[in-house]
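Dear colleague,

Please find the structure below, followed by a short account of what was found in it.

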Amino acid sequence: MTRAAAKARTRELLLAAAAQVFAEHGYAGASVDEIAAQAGYTIGALYSHFSGKDELFLTLFDLHAAGHLRDIEEIIRQCTGDPDFAALGDYLATLADNDSCRWALESEFRRHAMTRPELMARLAERRAAGQTAIAGLMPGRRPGTAQCAEDDAALVITQLEGLILQRRLNPASVPPGLFAEALRRFFPPPTWAGAAAL
């Protein structure tokens, strides 16, 4: 194994250990010492790859968000012409049902970050990047500048996050079809013609 490959493997194992320790103990209860031990490395090895617990969590957050974006891109690519949003609705319902632990961790981290302006700024950057990515997949329904698409993306993300939270609290109140209906109402068919061709 080359040195670069070994470093990449160490980083991968540390992230896997961090995900497990965060899931078991929550963000506040997790320690870098336990993460390093779980991965089979010293604390020095951990700090040679990550500045600390915050960076470990944010890296996992980025990987998780990128995975969801790839899934959504693939669903949109499979649409032709005027999608009925059923596949996206099913995906979001599955996300709500199966990702509650990660959602709880992200909520805990946001509370942690609220008293730390530098962390809030990093979260804001990630939110803006995600919004821009979604804006590129879901063209704005209004004519005009790119900001219209950004605004639409912000609104639809907020709406879908609310539905995901409601489904986690009471699954029966938000069937998969409701996600599809929300998307259908927010984005009329012509705005999706270009997205389907991605």
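Five helices, α4 (53-77), α5 (86-98), α6 (100-113), α7 (117-137) and α8 (146-169), each supply at least two residues of the lining of the largest pocket; helices are DSSP runs of H or I with at least four residues, numbered from the N terminus. This is a predicted model, in which local features need pLDDT of at least 70 and side-chain atom pairs count only at pLDDT 80 or more, while totals for chains, interfaces and linings use all residues. Residues are numbered from 1 along each chain as its sequence is written, and side-chain values use heavy atoms, with hydrogens and water left out.

The volume of the largest pocket is about 1,200 Å³. A pocket is an open set of points on a 1 Å grid where a 1.4 Å probe fits, with protein on both sides within 12 Å along at least five of seven lines; lining residues have an atom within 4 Å of a point. Its lining comprises 37 residues, with F61, E106, R127, I157 and E161 the closest to the centre. α7 gives the most, 10 residues.

Beyond its neighbours within four places in sequence, F179 is in contact (heavy atoms within 4.5 Å) with residues including G89, L92, L160 and R167.

With kind regards

Technical notes. Points joined across faces, edges and corners; volume = space filled by probe spheres on them.
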